[in-house]
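Reader: I am new to reading protein models. Could you take me through some features, one at a time?

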Amino acid sequence: MEDGYQNRTAFIKGAKDIAKEVKRQASKKVGRGVDRVTDEYSMRSYSRFEEDDDYPPSVGGGGGASQDGGGGGYYRGDSQAGGADEEDGGGHSDSTEGHDEDDEIYEGEYQGIPRAESGVKEGLAGGPSSVGGAGGAQGFGDATGAVAAEAERRKDQEELAQQYETILQECGHGKFQWTLYFVLGLALMADGVEIFVVGFVLPSAEKDMCLSEPNKSMLGLIVYLGMMVGAFLWGALADRIGRRQSLLISLSINSVFSFFSSFVQGYSTFLFCRLLSGVGIGGSIPIVFSYYSEFLAQEKRGEHLSWLCMFWMIGGIYASAMAWAIIPHYGWSFQMGSAYQFHSWRVFVLVCALPSVAAIIALSAMPESPRFYLENGKHDEGWMILKQVHDTNMRAKGFPEKVFSVTTIKTVKQMDELVDTGTDTPVWRRYKLKIMSLTQQVSQGNNFLACFNPEYKRTTFMLMAVWFTMSFSYYGLTVWFPDMIKYIEKQEYESKTKTFTKERVEHVTFNFTLENQVHREGQYFNDKFLNLKMKSMVFEDSIFEECYFEDITSTNTFFRNCTFIATLFYNTDLFKYRFVNSKLVNSTFLHNKEGCMLDFSDDNNAYMIYFVSFLGSLAVLPGNIVSALLMDKIGRLRMLAGSSVISCVSCFFLMFGSNESGMIALLCLFGGISIASWNALDVLTVELYPSDKRTTAFGFLNALCKLAAVLGISIFQSFVGITKAVPILFAAGALAAGSFLATKLPETQGRVLQ
């Protein structure tokens with residue numbers, strides 16, 4: 001063969017051709033020998049079903065090879081399990097006469113990948129498909145074959161979990177995990193930014209889009225609704241097509257529609273773009289935590305997943321800082337007539353898409369989760385990634401000579417594989433069939449329904465209750481806090497209102513701001529109101545005669561039961577709805593200002609919103625640090641229940657928040673304590689489900705979390721200005737119930753990742 005190939009490229013190409021021919025001939029001999037081995041398959045399948053923990057002796061060496069290959073021979077230097085497969089001994093074709101099975105060319109060896117004996121031989125002897133077929137031949141029903149296949153799959157998963165933990169121990173924790181930490185942190189940061197975007201732009205966007213109160217409320221809730229749909233959708237897809245690929249798609253959708261939302265002018269299109277942006281970012285949390293956990297060994301998992309949560313806090317700080325730096329600068333804008341406007345808040349929306357774009361770029365250089373590959377029968381891909389993790393960490397630690405000693409990793413046969421149409425089918429048709437197949441598998445919800453199987457039913461319902469109660473109280477209170485601050489500011493502002501009664505003003509020019517005043521029974525003759533702002537001004541039972549109003553900008557200004565005689569209004573925004581039960585006699589309106597006819601809050605309040613959000617995000621830093629340092633020491637349940645109880649107690653301090661500073665301090669206290677509960681809940685959710693259901697379950701629970709957030713926000717906001725007792729009692733009761741139910745969950749500290 002050396003004489004036939006003068007270079008490595010030609011050698012590899014020739015070897016691959018030989019490998020393909022060998023595979024083709026092997027499939028022929030398996031077909032000719034299938035009648036002979038049918039009885040043997042049935043006997044072994046029945047024995048496995050009856051005695052789950054014991055392996056029967058192999059007939060002709062084939063069964064032994066299949067099982068031993070999964071349990072032994074994992075490391076270099078060990079004897080490879082199973083030896084040669086003798087059950088095909090009588091089925092050699094002429095073209096493979098005298099061929100030694102141990103010398104068969106394995107295609108993955110061209111990339112340095114060891115042979116996965118268990119995977120190869122299970123496909124030929126005793127695999128799930130063989131069990132089903134042989135069982136039918138011997139009279140066993142399809143249900144029996146499915147049960148046997150599922151039992152074998154579960155045993156393979158348990159064996160893989162144990163071996164995978166050992167492999168991660170050998171790979172160590174180092175440069176690779178820290179690189180992935182920052183990459184996935186950007187994705188989590190994008191989720192944190194998304195929560196704040198709409199709240200920060202509303203004070204400015206409401207003017208450009210002329211948003212009424214119902215429209216503003218819908219815009220605030222639409223993000224949560226989008227994230228609810230996205231969490232469920234991307235969580236389910238990540239268990240089917242992979243963590244990395246699903247995260248890339250979801251972040252791409254978030255980036256694209258965030259970009260579009262900064263340019264669209266109408267309310268409906270802006271609402272639609274923010275909805276789809278929320279759908280995209282909804283996959284971030286369930287995928288990121290599942291993805292990262294599958295690269296972490298047991299003793300590092302709780303701590304480093306908690307450190308990862310800090311990026312959500314960083315996202316809030318980033319959004320607050322960018323809003324403060326960009327939005328108030330209304331000079332950063334341009335417009336094309338009255339039809340198209342691009343103000344500074346749109347620049348802020350663009351800047352908020354940067355973490356998502358950065359995450360996409362960085363994630364493109366990272367590999368898929370090897371655990372996902374191994375759970376779906378892809379030994380070669382999983383082995384290569386684990387070797388990459390090992391070699392990266394060893395080089396960074398100064399031990400480049402250390403060799404990855406694992407040779408064979410247990411794999412699990414994929415259930416409901418996607419359609420493979422071959423290379424002859426047109427590209428568009430191949431993708432169409434794959435998408436249709438994937439959509440059908442996801443829509444059937446088999447993975448989702450499996451979370452309610454008897455084995456996981458109690459855990460799922462307990463987690464649903466904990467997620468719902470925590471989200472209801474946390475999001476409800478965190479939105480109620482700023483609204484209460486606004487209400488307190490409003491009460492304080494109204495208390496400073498000045499009242500003037502029966503005043504008579506003649507031949508006076510007003511060219512300064514009029515604010516927070518009430519004028520009753522006044523008389524104004526030949527007065528001029530020029531180039532001024534009227535803010536929170538009320539005129540009642542007053543008479544304006546031969547007055548002149550020019551270039552007036554008004555907010556919350558009304559004329560009630562007033563009479564205007566021979567008065568001219570030029571270039572003002574004093575629209576008809578501002579004149580309540582008033583008479584206009586020989587009065588004229590010329591060139592009224594164009595634009596929205598609604599009243600909006602003052603821009604100065606926006607600074608307070610940014611400042612409160614910044615402090616609230618920064619306040620969770622101590623809680624993040626404490627939870628990261630103690631998560632693997634005191635356990636997940638103690639962290640979750642303990643933090644929930646303290647958060648419950650802290651709710652009652654809200655009764656004493658009677659001013660702005662006090663409410664801000666209590667907001668920081670509540671956020672700093674409750675973040676430890678969220679960190680522990682994220683870790684618990686990741687560890688309580690097996691790898692093939694992990695992101696599906698996490699996505700469903702996170703979707704439930706967003707639903708609870710919408711309910712909490714809607715209910716708590718309805719009590720602003722009415723009473724503080726009801727929201728506080730709701731939040732405290734929900735947290736108390738959640739902390740009690742959390743104690744009923746199983747502890748996962750010290751467990752291998754299922």
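**Salt bridges and strands**

Author: Start with the side chains of Glu-687 and Arg-636, which meet in a salt bridge at 2.8 Å, N to O. Glu-687 lies in helix α24 (residues 660–687) and Arg-636 in helix α23 (residues 636–651), so the pair ties together parts that are 51 residues apart in sequence. Keep in mind that this is a predicted model.

Reader: Are Glu-687 and Arg-636 buried or exposed?

Author: Glu-687 is buried, with a relative accessible area of 2%. Arg-636 is buried too, at 1%. The cut-off for buried is under 20%.

Reader: Which residues join Arg-636 and Glu-687 in one network?

Author: Glu-165, Arg-301 and Asp-632 do.

Reader: Please show me another one.

Author: Take Arg-504 and Glu-506. Their closest N and O atoms are 2.5 Å apart, and they form a salt bridge. Arg-504 counts as exposed, at 53% relative accessibility. The cut-off for exposed is over 50%. Glu-506 is partly exposed, with a relative accessible area of 33%.

Reader: Which salt bridge involves Lys-535?

Author: Lys-535 pairs with Glu-515, at 3.7 Å from N to O. This pair links distant parts of the chain, 20 residues apart. Lys-535 sits in strand β8 (residues 528–540), and Glu-515 sits in strand β6 (residues 514–520). Both residues are partly exposed: Lys-535 has a relative accessible area of 22%, and Glu-515 is at 34%.

Reader: How should I read a strand such as β6?

Author: The general idea comes first. In a regular strand the side chains alternate between the two faces of the sheet. Now look at burial in β6. Of its 7 residues, 5 are buried, so β6 is largely enclosed by the rest of the structure.

Reader: Which strands are joined to β6 by bridges?

Author: Strand β3 (residues 498–501) is joined to β6 by 4 bridges, and the two run parallel. Strand β8 is joined to β6 by 6 bridges, and these two also run parallel. Follow Arg-520 to see both links. Arg-520 in β6 is the bridge partner of Thr-501. In β8, the bridge partner of Arg-520 is Glu-540.

Reader: What about the surface?

Author: Look for a nonpolar patch. Val-645, Val-649, Phe-653, Met-655, Phe-656 and Leu-669 make one of about 580 Å². Met-655 is found in the loop between α23 and α24. Met-655 is partly exposed, with a relative accessible area of 40%.

How values were computed. Residues are numbered from 1 along each chain as its sequence is written. This is a predicted model: local features need pLDDT of at least 70, side-chain atom pairs count only at pLDDT 80 or more; totals for chains, interfaces and linings use all residues. Side-chain values use heavy atoms; hydrogens and water are left out. A salt bridge is a side-chain nitrogen of Lys or Arg within 4 Å of a carboxyl oxygen of Asp or Glu. Buried means under 20% relative accessible area, exposed over 50%, partly exposed in between (1.4 Å probe, protein chains only). Two strands pair if DSSP finds at least two bridges between them. Patches are made of residues with over 30% relative accessible area and no salt bridge: like charges are joined within 9 Å, nonpolar side chains (Val, Leu, Ile, Met, Phe, Trp, Tyr) within 5 Å. Accessible areas come from the Shrake-Rupley method with a 1.4 Å probe; for residues, only the protein chains shown count as cover.
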